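Here is a short briefing to read alongside the sequence and the coordinates. Have both open, and let us walk through the fold together.

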Amino acid sequence: MDTYEAKIQLAFRALADPSRRAMVHLLLERPMSIAELCHSFDMTRTAVRKHLRMLEEGRVVTLRLQGRERLITVDQAGLDAVREWLAVLPAQSMPRVVAG
């Protein structure tokens, strides 16, 4: 598998979980700390860190130290790779998503 395919595979694997997609959605609004994500999702710190590890591996988010906290931000370059892959699909092959 070439590097591009491996990168896309990891990104889609990271985004496969509904909790991780919800985290990305929140993080698109603003960077957050792990503690803020724990509170927003009523998850343990261990569970949030597990999800963040997957999102990091998929290059969907980045973590950086800000003082004593880890601040999580969306990695736009990682999401751009997913967008580019989706953009090459013919419009008729894309399922319609209905907001519920």
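The notes below go from the overall layout to the sheet, the helices and a few single residues.

This is a predicted model, in which local features need pLDDT of at least 70 and side-chain atom pairs count only at pLDDT 80 or more, while totals for chains, interfaces and linings use all residues. Residues are numbered from 1 along each chain as its sequence is written, and side-chain values use heavy atoms, with hydrogens and water left out. The chain holds five helices and three strands, and from the N terminus the elements run α-α-β-α-α-β-β-α. Helices (H or I, at least four residues) and strands (E, at least two) are DSSP runs, numbered from the N terminus.

**Overall figures**

- Of the 100 residues in the chain, 31% count as buried; buried means under 20% relative accessible area, exposed over 50%, and partly exposed in between, with a 1.4 Å probe and protein chains only.
- Among contacts with a separation of 6 or more, 52% come from residues 24 or more positions apart, where contact means heavy atoms within 4.5 Å.

**The sheet**

- Three strands make an open sheet in the order S1-S3-S2, with antiparallel pairing.
- S1 and S2 are the edge strands, each with a single partner strand, so one side of each has no neighbour in the sheet.
- H2 packs on this sheet and touches S1, S2 and S3, its direction making about 95° with that of S3; axes are lines fitted to C-alpha atoms, for helices over the stretch in contact, and angles run from 0 to 180 degrees between N-to-C directions.
- Strand S2 (residues 61–66) pairs with strand S3 (residues 69–74) in the antiparallel sense through six bridges; two strands pair if DSSP finds at least two bridges between them.
- S2 and S3 form a hairpin with two residues between them, and Gly67 in the turn has a positive phi of about 70°.
- On the S1 side, two bridges join strand S1 (residues 32–33) to S3, and the two run antiparallel; Met32 has Ile72 of S3 as its bridge partner.

**Helix H2**

- Helix H2 (residues 18–29) has 12 residues and should span 16 Å at 1.5 Å a residue, which agrees with the 17 Å between its end C-alpha atoms; the expected span is 1.5 Å times one less than the number of residues.
- Arg20, Met23, Val24 and Leu27 are buried in H2.
- Seen down the axis of H2, these buried residues fall within an arc of 100°, so they line one face of the helix; the arc is that of the directions from the helix axis to the C-beta atoms.
- An α-helix has 3.6 residues a turn, so residues three or four places apart point the same way.
- Pro18, His25 and Glu29 are exposed on the face of H2 turned away from its buried side.
- At the start of H2, a side-chain oxygen of Asp17 comes to within 2.8 Å of the backbone nitrogen of Ser19.

**Helix H4 and two of its residues**

- Helix H4 (residues 45–57) lies across S2 and S3, at about 115° to S2.
- His51 is in helix H4 and is buried, with a relative accessible area of 10%.
- The side chain of His51 makes a polar contact with that of Arg20 at 3.1 Å; a polar contact is a pair of N or O atoms within 3.5 Å, where within protein one must be able to donate a hydrogen and the other to accept it, and residues adjacent in sequence count only if both atoms are side-chain atoms.
- Leaving aside residues up to four places away in sequence, His51 touches Asp17, Ser19, Arg20, Met23 and Met43.
- Arg49, also in helix H4, is partly exposed, with a relative accessible area of 34%.
- With residues up to four places away in sequence again not counted, Arg49 touches Ile34 and Arg70.

**Positive phi in the loops**

- Most residues other than glycine have a negative phi.
- Asp42 has a positive phi of about 50° although it is not a glycine; Asp42 sits in the loop between helix H3 (34–41) and H4 and is exposed, with a relative accessible area of 73%.
- Arg59, in the loop between H4 and S2, is not a glycine either and has a positive phi of about 60°.
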